[in-house]
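Subject: Structure for you to look through

Hello,

Here is the structure I promised to pass on. Please open it beside this email and follow along.

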Amino acid sequence: MTLVAGRPYVWGQTTEEPEGFMRALIAGGGMAGLMSALALRESGAFTTIDVFEQTRVPSTAGAGLNIPPNAARLSRWLGVDLDGGDPKGPSGAIDGGRAAILHETRMVWPDGSITRKPMDHDTAAGDNAGFHHMHRLDLLMCLHKRVLDFAPETGSDCPIQVHMAKGVEAVTQDAESVTAIFTDGTSETGDLLIGADGINSQVLDAVWPGVSTKRWTEVVVYRGLVPRDKVAAARKPDGSPLDFNPIETMSMDSRETPVAQHLTYWVRGGELLNVWLAYYEPNAEEFEREEGDWFPADRDEMVGQMSKAFEGDPRHDDVVTLTGLIENPTKWGLYDRDALESWVEGRVGLVGDAAHPMLPTYGQGAAQAFEDAAALGKAFELHSADIYSALLHYERVRYYRATRFQFASKFLFKHLEPPDSPERRAILAAVNERDYPMFDHNERAGSDDSWIYAFDAREIGEKLPLRKLGPWDFRSRTQALGDSRREIAHNLWKPEKPWTGDRPVTREELAQHATFDDCWVVIRGKVYDFTEWKDHHPGGPFVARMYGGKDATAEFGEFHSRLAEKHMANFCVGPLVGAAAERAGDAFEAHERA
């Protein structure tokens, strides 16, 4: 028996499997893994669930995060208490959640003015699921608390057992079972393996070797916490009070420049202020270390970077003061990955950051992991022992939505964001869906955020849906275009000399068009010239920056309607030829047949 934060936690040993036994293995004992364990248990399809975590004790780096309504309603469903813990209790105790319930977001503008937006805790779903701002460790501990309700010693049917110091090294599978081999030389066999082991997923590397690599975003983040009493006593360097002290309101406050952002919000019931600082830094040299993507921050460097980013700005002194109060700050290099083309292979499936790591700009990282877990559980409730159908159903209902957030989260950084052109504004306004997070006070598109926060991931349907490849292919193909969208689609810019789409392109030639100013991109085996496109179409600059000379199929996918696909023909150079192109074409044809 092992003690975790003062509570007994049984790690146990594997037992003989009775007839009719269904065993789920989950790699990763973080938020995605524990939530998946609870959802799979709720499905009723499994006899036992084992979670394997690579660390020796439950822990998490970072500071604060947001559990928005689309994730909070799923927590409530699975009995995870986000609010009932003691906000003044010891850090790391297994307890109910210690969320801070914020009232509003505040944007502090360069001229010193301030705008406010109330937080809609009820949403269009009308269930008051609410926004819950939490310390990461508090969220992990309240998940552990719920998992302990089903520990083996409780006698529960379908116990959940957590095993520590179990990092995955290899995975093997056949028609009957899947086996995870761990770094300590041991192995475990089950009917299902879920990879919930984060952006550096060993399950991903074992089952899909070499398909995805991390990409530096050129953004550095500092994170840390400030106790409430220090916030209350905060003073500018000249001894005067802050212009806008967070102690004044239970709010999320944002201050931005073209190269930096200073974001603060309360966690742990308002006892701690989470401070999130980001700035553009193209030098990635220090983040190429093997030990991870974060390390303790140098305080002088941190304060100096924020001082430089806000130099001459009326908000400078507030920013520098709050930055200097952070206790034990950490420094992070933000990375992302291109979207994977598939999250399932045989008896193995991926969830959370292992499947779709996204930048923190949308506040949806944990939420999308929770949605994965809920959909996964519902898929097994529907398909029971049919592992393959359940995993396929899970992937098809989750892929396009999670990938949409993954893709869109990159647009929040100014150096990656396309120019806010009239064309882009017109298209986004016609769709009328909010495309920026709740703390952004700029009106760039519609104001309808129900697609984000009123969504219920448990509603997966009874029939296997058609696969949707792209992050934006979220509408029915048969849905009629409104007048404004039809007008926009018919008036998209066309080049003076359109391409004819019949000129074969080799990999060698493609590599010669891989810059922002001379940019060709591959989509579903065809090469498109983005060189002029990027200056006239929404998203064009972003795609040119990220995918020049590369294959953008997985993320760009079915972004376009059939009408827009017809328009794309004006930019199609021709088919990509060669062995790599033939493999891609075979994969696409297999998808079309499926």
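This is a predicted model: local features need pLDDT of at least 70, side-chain atom pairs count only at pLDDT 80 or more; totals for chains, interfaces and linings use all residues.

Residues are numbered from 1 along each chain as its sequence is written, and side-chain values use heavy atoms, with hydrogens and water left out.

The buried strand

Helices (H or I, at least four residues) and strands (E, at least two) are DSSP runs, numbered from the N terminus. Buried means under 20% relative accessible area, exposed means over 50%, and partly exposed is in between (1.4 Å probe, protein chains only).

Start with strand β15, residues 251-257. Seven of its seven residues are buried, so β15 is largely enclosed by the rest of the structure. S251, D253, R255 and T257 point one way from the strand, while M252, S254 and E256 point the other way.

Two strands pair if DSSP finds at least two bridges between them. Strand β6 (residues 104-108) runs parallel to β15, and four bridges join them. Here T105 stands opposite M252. Strand β16 (residues 260-267) runs antiparallel to β15, with six bridges between them. One of the facing pairs is E256 with Q261 in β16.

Rings

Rings of Phe, Tyr and Trp (its six-membered ring) pair if their centres lie within 6.5 Å; planes under 30 degrees apart count as stacked, over 60 as edge-to-face and the rest as tilted. The structure holds 11 aromatic pairs. In one of them, W499 and W520 have ring centres 5.8 Å apart and planes at 85 degrees, so this pair is edge-to-face. W499 lies in the loop between α12 (483-490) and α13 (507-511), and W520 lies in strand β22 (residues 520-523), so the pair ties together parts that are 21 residues apart in sequence. W499 is partly exposed, at 31% relative accessible area, and W520 is buried, at 3%.

F530 and W533 have ring centres 4.5 Å apart and planes at 20 degrees, so they are stacked. Both F530 and W533 are buried. Ring pairs also link W343, Y394 and Y399 into a cluster.

A charge sits over a ring if NZ of Lys or CZ of Arg is within 6 Å of the ring centre and within 35 degrees of the ring normal. R223 lies over the face of W332, at 4.5 Å from the ring centre. R401 lies over the face of F455, at 3.7 Å from the ring centre.

A helix pair

Axes are lines fitted to C-alpha atoms, for helices over the stretch in contact, and angles run from 0 to 180 degrees between N-to-C directions. Helix α6 (residues 299-309) packs against helix α7 (residues 316-324) at an angle of about 165 degrees, with the axes 9 Å apart.

An open sheet of three strands has the order β22-β23-β24, with antiparallel pairing. β22 and β24 (572-575) are the edge strands, each pairing on one side only. From one strand to the next the twist averages 25 degrees. Four bridges join β22 to β23 (residues 526-529), and V522 has V527 in β23 as its bridge partner.

Regards
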